[in-house]
Amino acid sequence: MGNIAFDLAHLLAGGLVLVSFMMLYQDRLYALLNVFALQAVVLSAAVAWQALIQDASHLYVTALIALVFKALVIPGALHRIIQKLGIHREVEQVVGVGTTMLAGMGLVALSITLMLSLTSAADAIAREDLAFALSVVLLGLLMMVTRRNAVSQVVGFMSLENGLILAATGAKGMPLVVEISVAFSVLIAFIVIGVFLFRIRERFDTVDVGALDSFRGEKR
Amino acid sequence: MNPSGFDPTVLVLAIPAISAALLAVLPGYRLTARLNMLASLATLLAALALFAVDRPAPGDYLLIDDLNIVFIVLNTFVGFTAATFSASYIGHEIETGRLTPTHVRFYHAMYQLMMFGMNLALVSNNIGLMWVAIELATLTTVLMVGIYRTHEALEAAWKYFILGSVGIALALFGTILVYVTAQPVLGEGTAAMVWTQLMSRAGEFDASLLNLAFVFLLLGYGTKVGLAPLHAWLPDAHAEGPTPISAVLSGLLLNVALYAVLRFKMLMAAHPEALAPGPLMVGMGLLSLVFAAFMLYRRRDIKRLFAYSSIEHMGIIVFAFGMGGPLANFAGLLHMVMHSLTKSAIFFSVGHVTQIKGTQKIADIRGLTQSHPVLGWGLALGVLAIAGMPPFGVFMSEFLIVSSTFARSPVLALVLVFGLLVAFGALLMRLTGFIFGEPTGEMRPAQASFVPLYAHMAIVLIAGVYMPGPMVAWFQAVARLLG
């Protein structure tokens, strides 16, 4: 089953990168959240597959967290926040979609050449996983810098974190993976949703981070 | 091993953790402020006890060695003095209504949780655990930076959260790569994440993958250190949060991130074929120094001014460790300790100054030595010390760094001296404004505790004049350890 194990792991990790690309061209917040939920589902499948082929049952916990928390709870909660607060539903982009996509392709090419040439010692599945994971991380970063809206920055951060979870599960037998994914999830929920969005809303009519730029504290 | 079974390491972690839980439920800010001080004092005593008892053998998760003891004692000491300062600071904030009792309860709980996170990062023998601890410390400080809930505070906290998370995410990727590198040698499981194990077998790792991991770790933890291209969060976070937190951020959290970088640098140094980490650190350090030195001239906010000064000094420290060798490492270590003490002392005085004057604008703070002599001269001493005037300890360490660099590469030393002079000019220019001239604004006497401020300055002064022999020997041993 060696080959199928590899192929499926490859397919799922590649799927994750593809969904990251899909996020780059969404221009509606709701659609963005749906795509993010899709990415979480793909991540959960990828992690579950790793759990099966590595025979590491604790990874099922990580897969379950990804499925329940990231695919259902967080997108649902963000949905409600957008609705309740009446946030602009468009994703405000700093750079155009075309440029962003091109930059994204460049980043993926970079990470794949980099990782594949450096990791010749590691085993094949870990290599592929790391290469794809780095792509997802970089695409998440790209999304964070090309968006102005706080909600889409959070989504970018969460997708970046999906890449990290993929890398951690791909590294065979890595300890603390479950703990790390739990820590990440709890903190995202706690900080982002609980505190920041509500506090920002208390003071501003927009969750657009650009609107905060005028308060630099350095005015004469 | 320790026959009595008494292990201060556990106390260093347990006291802040338990008090965080206690402080979260106890009402009344007077009580909780005292308890916060008491808990910090107890943690400091536990940290000092680390010297007295035999060290426990390094386990899978915890480690005490010559290097991290220095960091832990410094961390808990400044944690305690900052808690003392915080008690009087918070009292004033409650009176003026900037903070409500609920916020203060939250603040104290977060303070101890942050101390727990930092101590855990310092004693951890496991790269994964260390990462989790630094993440915890970062997130608690994010919450404290945003505690005033003003426009500026929210922007600062948001920026800090986003940049800090990105930094921490990159560091995690680097951590995973280190595991992937170590796993073929040390086998699957915990062993491949344990410092002592990693160090003993470092030579057998795959060099190219380790290099890549180090780049991620340097960028990731470097963001938290506040190195130049990645520093954007630092001035905002320092300026908008409560001042005790500015003191703790500058004095401690930057050091904790630096400690992580140093550990990985040691790992790189233990591998003969891996990329030399020195030039990268030297480059980032010098860039931070020169950049921050010029930025000092444009500041109009007193806390931002000293935040940029922190970037400058972290640059100097990273530069010194990047140069490496026993002398430069010794100087870097000394400079780190001196900077922590001096900068937190400065923030203690700045905290009271901004409370009295009701503003952070440099232009509105004048003639402090006339209106508030004790506070004004305390601030003046702090600024002179941080600018690198003799006879303070900062001068000693900067002198050592400059002279050891001149011996090895004069060109770098010129850049270093240039940066130092630029920063010196900026700080002195501002200082004359603060302490001389016609006093402005509020004149009423300060209700402040000056003990933490002057205690720090006394240590910095003594270290500049005379360093006790055992301490020098200790620092030399650590400097050799750092390679």
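I count two residues as in contact if their C-beta atoms, placed from the backbone, lie within 7 Å. The model is predicted; local features need pLDDT of at least 70, side-chain atom pairs count only at pLDDT 80 or more, and totals for chains, interfaces and linings use all residues. Residues are numbered from 1 along each chain as its sequence is written, with chains lettered from A and ligands numbered from 1 in the order in which they are written.

**Entry: B:Ala83**

I looked up B:Ala83 in helix H3 (residues 66-96) of chain B. Helices here are DSSP runs of H or I with at least four residues, strands are runs of E with at least two, and both are numbered from the N terminus. Setting aside neighbours within four places in sequence, I found B:Ala83 in contact with B:Asn36, B:Met37, B:Ser40 and B:Tyr111. I call a residue buried if 20 or more other C-beta atoms lie within 10 Å of its own, exposed if 12 or fewer, and partly exposed in between, with C-beta atoms placed from the backbone. B:Ala83 is buried because 27 other C-beta atoms lie within 10 Å. I also took the C-alpha separation of B:Ala83 and B:Ala47, which is 16 Å for residues 36 apart along the chain.

**Entry: chain B overall**

I find 19 helices and zero strands in chain B. The C-alpha trace of chain B spans about 65 × 55 × 45 Å along its principal axes. The radius of gyration, taken over C-alpha atoms, is compared with a globule rule of 2.2 Å times the number of residues to the power 0.38. For 483 residues a compact globule would have a value near 23 Å, and the 21 Å of chain B agrees. Of those 483 residues, 61% count as buried. Among contacts in chain B with a separation of 6 or more, 82% come from residues 24 or more positions apart.

H16(B) has 16 residues and reaches 23 Å from its first C-alpha to its last, close to the expected 22 Å. That expectation is 1.5 Å times one less than the number of residues. The buried residues of H16(B) include B:Gly393, B:Met396, B:Glu398 and B:Ile401. Among the elements that cover them I noted helix H12 (302-323), helix H13 (325-357) and helix H17 (410-435) of chain B.

I then checked B:Pro391, in the loop between helix H15 (373-387) and helix H16 (393-408) of chain B. The peptide bond from B:Pro390 to B:Pro391 is cis, with omega near 5 degrees.

A:Asp55 is not a glycine, yet I read a positive phi of about 60 degrees. Most residues other than glycine have a negative phi, and most peptide bonds are trans. A:Asp55 sits in the loop between helix H2 (29-54) and helix H3 (58-85) of chain A, and is exposed, with 7 other C-beta atoms within 10 Å.

I placed A:Asp129 in helix H5 of chain A. A:Asp129 counts as buried because it has 30 C-beta neighbours inside 10 Å. Beyond four places in sequence, its contacts include A:Ala9, A:Leu166 and A:Gly170.

**Entry: where chains A and B touch**

The contact takes 38 residues from chain A and 37 residues from chain B. On the chain A side, helix H5 (124-146), helix H6 (150-170) and helix H7 (177-203) each supply at least two residues. H7(A) gives the largest share, 10 residues.
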